[in-house]
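Have a go at each one before you read the solution.

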Amino acid sequence: MAVTASMVKELREKTGAGMMDCKKALTETNGDMEKAVDFLREKGIASAAKKADRVAAEGLSYVEQSGNKAVIVEVNSETDFVAKNENFKNLVADLAKHVLEQNPATVEDALAQPFQGGSTSVEEYVNGQIAKIGEKISLRRFEVVEKTDNDAFGSYLHMGGRIGVLTVIAGNTDEELAKDVAMHIAAIKPVYVNRDGVPGDEVDREREVLKQQALNEGKPANIVEKMVEGRLSKFFEQVCLVDQPFVKDGDQKVGKYVKNKGGEVKSFVRYEVGEGMEKREDNFAEEVMSQVKK
C-alpha cells in the first residue's frame with residue numbers, strides 16, 4: 001500500500017513521533033495504522049516523542065577508559081530521582097562504552113550508529129529506555145581523550161556524577177597524582193589549563209576593566225599599569241588551573257606541584273550536569289509522586 005501524506009499526518013497526531021519515523025513505520029507495516037502505532041511503541045519512539053519538549057537538565061556524567069583512550073559523557077534525565085536509578089546508571093555506562101569504542105564525531109553521529117554492533121541504533125536504544133524509565137533522556141555531550149604510554153589519565157566523579165572530570169598529566173604515569181588534579185578541578189572549577197589557553201580578547205577585556213577600576217579609585221596614572229598587571233595575575237589564578245593554589249597543598253600552585261612530580265598538565269574536561277540549561281522547578285515530593293503514578 002502506498003503511504004500518503006494524510007496517513008503520515010494521522011499517525012503523527014496519534015503518537016507525537018516525527019514525520020520520518022511515522023513514514024518508516026507505515027512503510028514497514030504496509031500502511032496498517034494500528035500496527036504502525038505498535039511499531040513506534042516497540043521502538044520507544046512514540047513514548048520518546050511525547051516527552052521531547054520536556055526539560056532534561058538532571059542526570060549524570062561518567063568516565064570510561066580503555067588503554068590510552070578515555071571518554072567523558074553527560075547524559076540527562078528530567079529528575080534527580082531517575083538519575084539515581086540503576087537502570088539509568090547502566091544506560092549512562094553503556095553509552096560511554098559505545099562512544100569510546102565507536103568514536104563518533106558528534107552526538108548526532110553517535111545516535112545514528114548501530115548500538116553494540118546490533119540492528120538497533122543508539123537513538124532507538126535510548127528511546128527504548130525512555131519508554132521503560134518514563135522520562136526524557138538525552139545524550140548531551142561527550143569528549144574522547146587520548147594519551148601516550150608516558151602519561152596518566154585522572155578521573156573523578158563528584159556526588160556520583162553530578163560533576164565529572166577527566167584530565168591528562170603528561171610525562172608522569174602516576175594515576176593518583178592525576179586523580180588529585182581531577183579532584184582539584186572538580187572543586188575549584190578552572191576554565192583553562194594555563195595562560196596560553198586564555199583568548200586574547202578575554203585578557204584585553206579584563207585588563208581594560210581593571211584599568212578603569214584603578215582609575216576610578218583615583219590611583220595615579222603612572223602606577224595604574226603596574227596595578228593592572230598585579231590584579232591580572234589574580235584573574236589568571238581564578239581561571240587557569242596551573243596558577244591556582246593546589247587544594248591538597250595550598251603553599252604550591254597546581255602547575256608547580258605537578259612539575260615537582262615530573263609531570264605537566266596537558267588537558268582537562270570538566271562537566272557539571274545541567275550547566276547552562278533551564279532547570280525544572282518541581283519539588284521533591286512532586287518528583288516522587290510523579291514516579292509513583294507511572
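The exercises below look at one helix and at some aromatic rings.

This is a predicted model, where local features need pLDDT of at least 70, side-chain atom pairs count only at pLDDT 80 or more, and totals for chains, interfaces and linings use all residues. Residues are numbered from 1 along each chain as its sequence is written, and side-chain values use heavy atoms, with hydrogens and water left out.

**Exercise 1.** Check the span of helix H8, residues 122–133.

*Solution.* Helices are DSSP runs of H or I with at least four residues, and strands are E runs of at least two, numbered from the N terminus. The expected span is 1.5 Å times one less than the number of residues. Next comes Gly134, with a positive phi near 95°.

**Exercise 2.** Classify the ring pair of Phe115 and Tyr125.

*Solution.* Rings of Phe, Tyr and Trp (its six-membered ring) pair if their centres lie within 6.5 Å; planes under 30 degrees apart count as stacked, over 60 as edge-to-face and the rest as tilted. That rule gives 3 aromatic pairs. Phe115 and Tyr125 have 4.0 Å centre to centre and 10° between the planes, a stacked pair. Phe115 is in the loop between helix H7 and H8, while Tyr125 is in H8, 10 residues apart. Both are buried (under 20% relative accessible area, with exposed over 50% and partly exposed in between, using a 1.4 Å probe and protein chains only).
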